[in-house]
Amino acid sequence: MNNKRFARIAMTAAIYAAVSLALAPLSYGPIQVRLAEALTMLPLIWKPAIPALTLGCFLTNLVGTAMAVTGPIDIVVGTLATFLAAVCTWKLRNRTVGTVPVLAILMPVIFNAVFVGLELAWMLNPDHILQMAVVYGLQVAAGELIAVVIGYIIVRHLPVEKLFKE
């Protein structure tokens with residue numbers, strides 16, 4: 001890995017964490033729109049976004065735990081969801097409906113709905129975990145969908161050859 005790529009990964013992770021933490025009331029909890037998740041569309045055009053997003057999410061969840069906004073489980077579960085979604089977004093980027101990579105776009109929505117929905121149900125309503133996982137999962141999915149649509153619109157208009165030239 002060269003210095004330029006390393007710096008871009010670090011800057012992307014820092015942007016993810018900074019946006020999430022600056023908008024903390026929106027970034028955590030059962031009803032959330034983590035606007036930094038718009039960056040989850042970067043794997044459509046840039047493979048190094050996978051470690052960048054994973055690191056950014058890890059840092060965000062680590063600080064969230066330190067601020068007592070989330071539990072320590074979020075460091076592992078939330079970060080794993082972001083990593084798996086980023087990998088799948090990258091792998092599915094060329095499968096399109098028309099010209100839109102619908103499956104790739106839905107990966108962060110699906111992974112966060114399932115992982116974070118279960119996590120929230122386990123933390124907030126352990127007596128009704130399955131029912132509440134569905135409720136929380138749908139709430140997380142709605143917020144995630146907003147973020148990824150914004151991210152897809154932005155990514156479609158990025159000058160890829162200039163921003164991510166190695």
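Trainee: Before we start, what should I know about the model and the numbering?

Mentor: It's a predicted model, where local features need pLDDT of at least 70, side-chain atom pairs count only at pLDDT 80 or more, and totals for chains, interfaces and linings use all residues. Residues are numbered from 1 along each chain as its sequence is written, and side-chain values use heavy atoms, with hydrogens and water left out.

Trainee: Okay, surface first. Which residues form the nonpolar patch?

Mentor: M11, I15, V19, L23, L26, L35, I146, I150 and I154, with about 730 Å² of accessible area together. Areas come from the Shrake-Rupley method with a 1.4 Å probe, and for residues only the protein chains shown count as cover.

Trainee: What's the rule for a patch?

Mentor: Patch residues have over 30% relative accessible area and no salt bridge; like charges are joined within 9 Å, and nonpolar side chains (Val, Leu, Ile, Met, Phe, Trp, Tyr) within 5 Å. A salt bridge here is a side-chain nitrogen of Lys or Arg within 4 Å of a carboxyl oxygen of Asp or Glu.

Trainee: And which helices each supply at least two residues of it?

Mentor: α1 (3-22) and α6 (129-156). Helices (H or I, at least four residues) and strands (E, at least two) are DSSP runs, numbered from the N terminus.

Trainee: Where does I15 sit, then?

Mentor: I15 is in helix α1, and it counts as partly exposed because its relative accessibility is 47%. The classes are buried under 20% relative accessible area, exposed over 50%, and partly exposed in between (1.4 Å probe, protein chains only).

Trainee: What about L23, where's that?

Mentor: L23 is in the loop between α1 and α2 (24-27), and it's partly exposed at 32% relative accessibility. Between L23 and L35 there are 8.0 Å C-alpha to C-alpha, with 12 residues of separation in sequence.

Trainee: Which helix are F111 and F115 in?

Mentor: Both lie in α5 (residues 102-124), 4 residues apart, about one turn of the helix. F111 counts as buried because its relative accessibility is 18%, while F115 is partly exposed at 22%.

Trainee: Where do the charges of R34 and R93 sit?

Mentor: R34 lies over the face of Y28, 5.1 Å from the ring centre. R93 has its charged end over the ring of W90, 3.4 Å from the centre. The test is NZ of Lys or CZ of Arg within 6 Å of the ring centre and within 35 degrees of the ring normal.

Trainee: New topic: L53, buried or exposed?

Mentor: Buried, because its relative accessibility is 0%. L53 is in helix α3 (residues 49-66). Neighbours within four places in sequence aside, L53 is in contact with Y16, L39, T40, P43, T82 and A86, where contact means heavy atoms within 4.5 Å.

Trainee: And what does T79 touch?

Mentor: T54, C57, F58, N61 and D74, not counting residues up to four places away in sequence. T79 lies in helix α4 (residues 73-91) and is buried, at 10% relative accessibility.

Trainee: V76, buried or exposed?

Mentor: Exposed, because its relative accessible area is 56%.

Trainee: Last one, where is L120?

Mentor: L120 is in helix α5, buried with a relative accessible area of 6%. Leaving out neighbours within four places in sequence, L120 is in contact with G29, P30, N125, Y136 and V140.
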